Amino acid sequence: MTSISLGPGPLPTARRDVLERRIRWVVTATIAYNVVEAVVAITAGRIASSAALVGFGLDSVVEVLSAAAVAWQFAAPDPRRRERVALRLVAVSFFGLAAFVTVDATRTLLGAAEPDHSTVGIVLAAVSLAVMPFLSWFERRTGRELGSASAVADSKQTLICSYLSAVLLVGLVLNSTFGWTWADPVAALVIAAFAVREGVEAWRGDACCTPIGVLLADDDEDGCDDGCCTGTPAR
């Protein structure tokens with residue numbers, strides 16, 4: 001499998017160097033944030049007996065693995081040579097995310113966990129909901145211009161994590177306010193289904209043209225302006 005053409009055409013060397021530095025910066029920031037997020041979420045989850053928070057922390061670990069795969073790719077003198085392996089690693093991380101979320105949601109629905117109120121969890125989810133969409137947007141735009149399918153796939157991973165932040169926030173608030181323990185796991189199962197879909201497409205190399213990948217309304221609204229859905233080379 002070769003790299004997917006996501007950009008308008010060959011880039012000048014100077015511009016490519018700038019974009020590759022941006023990718024390295026954003027994946028480094030993503031890894032650093034998610035390491036902190038994982039530690040806080042898992043610790044708070046264990047204190048509050050919250051399966052949702054622990055699952056969210058495990059999801060952060062998966063996001064670290066995905067970003068690390070892209071960081072490994074762009075650490076090479078010619079990142080394009082590592083495109084295929086990096087994209088497969090991102091795909092596997094999608095499947096891991098879906099597995100973690102599904103197991104966590106199922107356990108909660110079956111009554112294996114009765115999460116308590118967690119102020120730390122609510123604050124963490126709110127902060128992640130503000131940070132993750134920006135990191136996803138930045139990496140996606142840079143990856144598309146650079147023509148890196150793995151970077152675009154990883155940006156979708158980050159976007160899914162922002163959706164999970166929203167799910168976690170709603171679930172924790174509803175549980176704290178009304179005692180509705182079912183709200184979080186039901187929504188999380190929907191997110192897990194999206195994660196499986198993105199994993200399949202990343203594995204096949206289809207790193208664009210999916211609804212979940214469209215973050216900004218004014219950025220390739222149909223997701224197919226460059227012909228990547230039909231296999232037509234970009235012009």
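This is a predicted model: local features need pLDDT of at least 70, side-chain atom pairs count only at pLDDT 80 or more; totals for chains, interfaces and linings use all residues.
## Aromatic cluster, salt bridges and a nonpolar patch

W25, F134, W137 and F138 form one aromatic cluster.

How many aromatic pairs does the protein have? The count comes to three. Let me take the W25 and F138 pair. Their ring centres are 5.7 Å apart and the planes meet at 75°, so this pair is edge-to-face. The cut-off for that label is over 60 degrees. Now look at where the two rings come from. W25 belongs to helix α1, residues 13-48, and F138 to helix α4, residues 119-146, so the pair ties together parts 113 residues apart in sequence. As for cover, W25 is partly exposed, at 47% relative accessible area.

Next, F134 with W137. This aromatic pair is tilted, with 6.0 Å from centre to centre and 35° between the planes. Both residues sit in helix α4, and being three residues apart there, they are separated by about one helical turn. F134 has 44% relative accessibility and counts as partly exposed. W137 has 27%, and it also counts as partly exposed.

Let me step back to the fold. The protein has six helices and zero strands. From the N terminus, the order is α-α-α-α-α-α. There are 235 residues, and 50% of them count as buried. Now the contacts. Take those with a sequence separation of 6 or more: residues 24 or more positions apart account for 78% of them. The W25 and F138 pair, with its 113 residues of separation, ties together helices α1 and α4.

On to charges. How many salt bridges does a search of the whole structure find? Two.

Here is one of them. The side chains of E145 and R15 meet at 2.7 Å, N to O. E145 lies in helix α4 and R15 in helix α1, so this bridge ties together parts that are 130 residues apart in sequence. Those two helices also hold the W25 and F138 ring pair. Is E145 buried, partly exposed or exposed? Partly exposed, at 28% relative accessibility. R15 is partly exposed as well, at 28%.

Now the D78 and R81 bridge. Its side chains meet at 3.6 Å, N to O. D78 counts as partly exposed, at 26% relative accessibility. R81 is exposed, at 73% relative accessible area.

There is one more arginine to show you. R88 lies over the face of W203. The distance to the ring centre is 4.1 Å.

Q73 is found in helix α2, residues 51-74. Its relative accessible area is 1%, so Q73 is buried; the cut-off is under 20%. What is Q73 in contact with, leaving aside neighbours within four places in sequence? The list is P79, R82, E83, A86, S148 and S150.

Last stop, the surface. Which residues make the nonpolar patch? They are L109, F178, W180, W182, V186 and L189. The patch covers about 580 Å². L109 lies in helix α3, residues 83-109. L109 is partly exposed, with 41% relative accessible area.

Stay in helix α3 for T102. T102 is partly exposed too, at 31% relative accessible area. Setting aside neighbours within four places in sequence, T102 is in contact with L189 and A192. L189 is one of the patch residues. V186 is another patch residue. T102 and V186 are 84 residues apart in sequence, yet 9.6 Å apart in space, C-alpha to C-alpha.

To recap, then. The protein has six helices and zero strands. One aromatic cluster is formed by W25, F134, W137 and F138. Q73 is buried in helix α2. The nonpolar patch includes L109, V186 and L189. That's my tour.

Key
Residues are numbered from 1 along each chain as its sequence is written. Side-chain values use heavy atoms; hydrogens and water are left out. Helices (H or I, at least four residues) and strands (E, at least two) are DSSP runs, numbered from the N terminus. Buried means under 20% relative accessible area, exposed over 50%, partly exposed in between (1.4 Å probe, protein chains only). Contact means heavy atoms within 4.5 Å. Rings of Phe, Tyr and Trp (its six-membered ring) pair if their centres lie within 6.5 Å; planes under 30 degrees apart count as stacked, over 60 as edge-to-face and the rest as tilted. A charge sits over a ring if NZ of Lys or CZ of Arg is within 6 Å of the ring centre and within 35 degrees of the ring normal. Patches are made of residues with over 30% relative accessible area and no salt bridge: like charges are joined within 9 Å, nonpolar side chains (Val, Leu, Ile, Met, Phe, Trp, Tyr) within 5 Å. Accessible areas come from the Shrake-Rupley method with a 1.4 Å probe; for residues, only the protein chains shown count as cover. A salt bridge is a side-chain nitrogen of Lys or Arg within 4 Å of a carboxyl oxygen of Asp or Glu.
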